[in-house]
Amino acid sequence: MKNNGMSIIVRTVTRFVYGLIILFGFYVIMHGHLSPGGGFQGGAVVASAFALLLVAFGSTGLKGRLNLHWLQTMEEVGALSFLALAFLGIGTAFFYNLFANSGGFLFGASVPTGSNAGVFAAGGLVPLMNWAVGLKVMTGIAAIVIIMLVGSRKEETE
Amino acid sequence: MTALTLHAPVLLIALPLLGAFATPLIGKLGKGARNTFVGLIVLAVAGLASLLAVSVFGAGGVPTVYELGGGTFTFPLSGGQVPIRILFEVDGMSAFMGLITALIALTSAFFSFSYWRERSGGDLYFSLFLLLTAGIFGMVMTGDMFNFFVFLEITSIAAASLVGFRVWRKQSQEAGFKVMAMYTLSGLFVLLAIGLLYGQYGHLNIAALANSLQGSLTDMIALGLLLTGLAMKAGAVPMHMWAPDAYGEAPAPMSAILVANSQASLYGLFRILFTLYGVTVSTGTMGWILIVLALLTIFVGVTMALIQSDLKRLVAFGAVSQIGYMLLGVGVGLAVMATKPEYGLVAMQGGIFHMLNDAACVGLLFFASGAVIRAAGTRDLNQMGGLGHQMKWTSIFFAIGAVALAGVPPFNGFASKFLIYEASFKLSPFLAVIAVLSSIMLLAVFVKAFQAAFLGPRSNASAHVSDPSPGMMVPMAALVLVIIVFGLFPGFFVDHIVTPAAKALWLGRDAYINAVLGG
C-alpha cells in the first residue's frame, strides 16, 4: 500500500471536490480581468486539484492520467501564446492592446464610464493573456509537483 | 529599418524569451533544428543590439524611450504628466551594455553548440541560456525600477540553474545552491529598497523617481540596500564568495555569460548611483565607498587566484578581480563628480571600456580553459602539462586572453587599464599603485597557469589531446579578433562608443529625466 494513496475517506472526498476545484480555478482565470485573481491565481488553484489527486491516489493510482511530457509541452504552449499575444500589437508597440474597444469581437466591447457591474466581453487582449498564463501555471505547477513526487519516491526506495 | 530600430529595445528581450520557451518544443525535432533555431535567435539579437547601438551612438547618446503597450502618449511628456506604464529607456550606457551582452551571447551560444554536442539536456541548457540573455538585456534596457527587479530575478533563476546544471557533480549542486541563496538575498535587498522608494514617492519609473528624490534618511537606507544587493550580485569583495564557485562550476560557455550577468548588476549599480541618486547624495562619499570596494575586490581576487590549482577556479578569481577595476574607474569618476575635473571623465571611460574588454578577455579565457579541461580530462593544474604541443591554437588563444586581461600592451586590457591608472593616480597615487601591482600579480597568476597547463615535456596524458573542433575554435578566434582590434585602435572605440556611454552616466542625469518628463 505504500505510496499508493491515502485512506478511503480521503479518496472519496477527493472524488467529490476535485472537479469543483478545477471549475473554480477556471472561473478565477475567466474573470481575471474583472475580479480579484487572474491567470496565475486560477492556474495555481487548478494545479492544487492535481496535487490533491496525486496525494489522495498516489502516483501509481494516477498512472497515465497526468503525463509529464504532455504537461511540459502545454506549459511551453502557454508561454508562447502569451508572447504571441504580446507580439500581436507590435505594429504600434509591444503589448499594445489590439482588441480593446474594437467592438464586440473577442472581448472588444467598450466599458461605460461610471460605476457598473463590469463588462465581461471587454478587456481586449487581457482575458486572452489570462488564459495563456493560466495554462502555463496550471501545467507548470502540476509538472513541478509530479517531479518532486518522483524525486522523493526515489530517495525512499534507495 | 527605422521600425526595427524603434522596436529594438523590446525585441532584444522578447526574442530570447520567445526562444527560451520555444527551444524545448523545437528540440523535439532534433539537435540540428534546435541549434539552428538558437543560432538564428542569437544572430538576430546581435544584429538588433548593433542596430540599436548605431542609432543611439549616431544620435550622440540621446536617450530614447519605448513604451510597452504604447500608442497614447508621446515622449517626452508635457508638464505635470506622470509616466505610469512600463518604459524602456535606452541611452549610451544601455546601448553599450547591449553590445557587451550580444557579443558574449553570440560567442557562447556558438561555442556551446560544439561544447555540449555529446551531452544530454541540451534543450534545457539552451532554454536557460536564452532566458538568462533575455534577463540581462532587460536589466540594461529598462527604465523602471520594479521591472529591473523582475529581470534581476529572471537572471538569478536562470543563472542558478545553469551553475548547478551538471547535477552529477556534487560541487555543482553546492555551487548552484549557494548562487541561488546569494542571488535571492540580493534580490530581496533590491526589492525592499524599491518598496521604500515607492512608498515615499509613488513612482517606479527611474526618471520620475530621480526627478522627485529628496535625499531623505529613507532614501539613504534604500541606497544602502541597493548598493549592497547589487554589489553582492556583481561579486564585489567581501560579498564575492559565490562568484568563484559559480564561474568555476558552470559549463565553460555559461561562465562567460555569468560574467556578463555580473556586469549587468554593475550597470544597475551605476545607473542607480549616477542617474537615480546623482547629486542628491554626497557623490564624494559614495565614490570613496566604491573605491574601497574596488581595491578590496582587485587585491583579494588576485591574491586568491595566485593560490588556486584548479584551472577554472583560477580564471574565476581573475574574473572577480576585474570587477574591481570597473568599480575603481567608475568610483573615481563618482568621487570627483561634484567638481567635474577632466580626469573624472577619463576614469569613467576607463572603467566602462574595461567592462567590454573584460567580457572579451574573460570570455576567451573561460572558453579556452573549458577546451583544455575537456581535452585533459582534469581541472587540476598539477596533473596537466605539455598540452601546448598538441593544442597549439588553444594555447595561443589562452596566452592572448591572459596577457590582455593582465593589461599588457598592445592588447585591449592595456587600453582601458591605462585610463584607470592615469585617472586614479590623479586622485591618489596609492590607488594606482594597488591597481598596477595587482595587474602584475595577475600576470604572474596566468604565467603560472600557462606554464603548468601548456608547457613542459610531452607526457602520456598529453599525447592524445588535440585542439577542439572548429565549432569551438571560431568563437575563440572571434574574441581574439575583438581583443586585438580593440587593442590596436582603442582611440576609435573610446571616442565612438565608450565616451557616449561614460557621458550618459557622468553628465546625462538631466537628459535621462527630460527624455521622459520633458524639460
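Modeller: Accessible areas here come from the Shrake-Rupley method with a 1.4 Å probe. The model under discussion is predicted.

Biologist: What share of the accessible surface of chain B belongs to carbon and sulfur atoms?

Modeller: The accessible surface of chain B comes to about 17,400 Å². Of this area, the part that belongs to carbon and sulfur atoms is 70%.

Biologist: Which radius of gyration does chain B have, and why does it agree with a compact globule?

Modeller: Chain B has 519 residues, and a compact globule with that number would have a radius of gyration near 24 Å.

Biologist: How many helices and strands does chain B have, and what percentage of its residues is buried?

Modeller: The secondary structure of chain B comes to 19 helices and 2 strands. A residue is called buried when its relative accessible area is under 20%. Of the 519 residues in chain B, the buried ones make up 64%.

Biologist: What span does helix 14 of chain B reach from its first C-alpha to its last?

Modeller: Helix 14 of chain B covers residues 392-405, which is 14 residues. At 1.5 Å a residue, a span of 20 Å is expected. The helix comes close to that expectation, reaching 20 Å.

Biologist: Which residue with a positive phi follows helix 14 of chain B?

Modeller: The phi of this residue is near 85°. The residue that follows helix 14 of chain B is Gly407(B).

Biologist: Turning to chain A, what pattern does it follow along the sequence?

Modeller: Chain A has 4 helices and 0 strands. Of its 158 residues, 35% count as buried. Read along the sequence, the pattern of chain A is α-α-α-α.

Biologist: Is Gly42(A) buried or exposed?

Modeller: Gly42(A) is found in helix 2 of chain A, residues 39-61. Beyond its neighbours within four places in sequence, Gly42(A) is in contact with Gly25(A), Val28(A) and Ile29(A). Its relative accessible area is 0%, and therefore Gly42(A) is buried.

Notes
Residues numbered from 1 in each chain as written. Chains lettered and ligands numbered in written order. Predicted model: local features only at pLDDT ≥ 70, side-chain atom pairs only at ≥ 80, totals over all residues. Heavy atoms only, no water. Rg over C-alpha atoms; globule rule 2.2 N^0.38 Å. Buried < 20%, exposed > 50% of the residue type's maximum accessible area, 1.4 Å probe, protein only. Expected span 1.5 Å × (residues − 1). Contact = heavy atoms within 4.5 Å.
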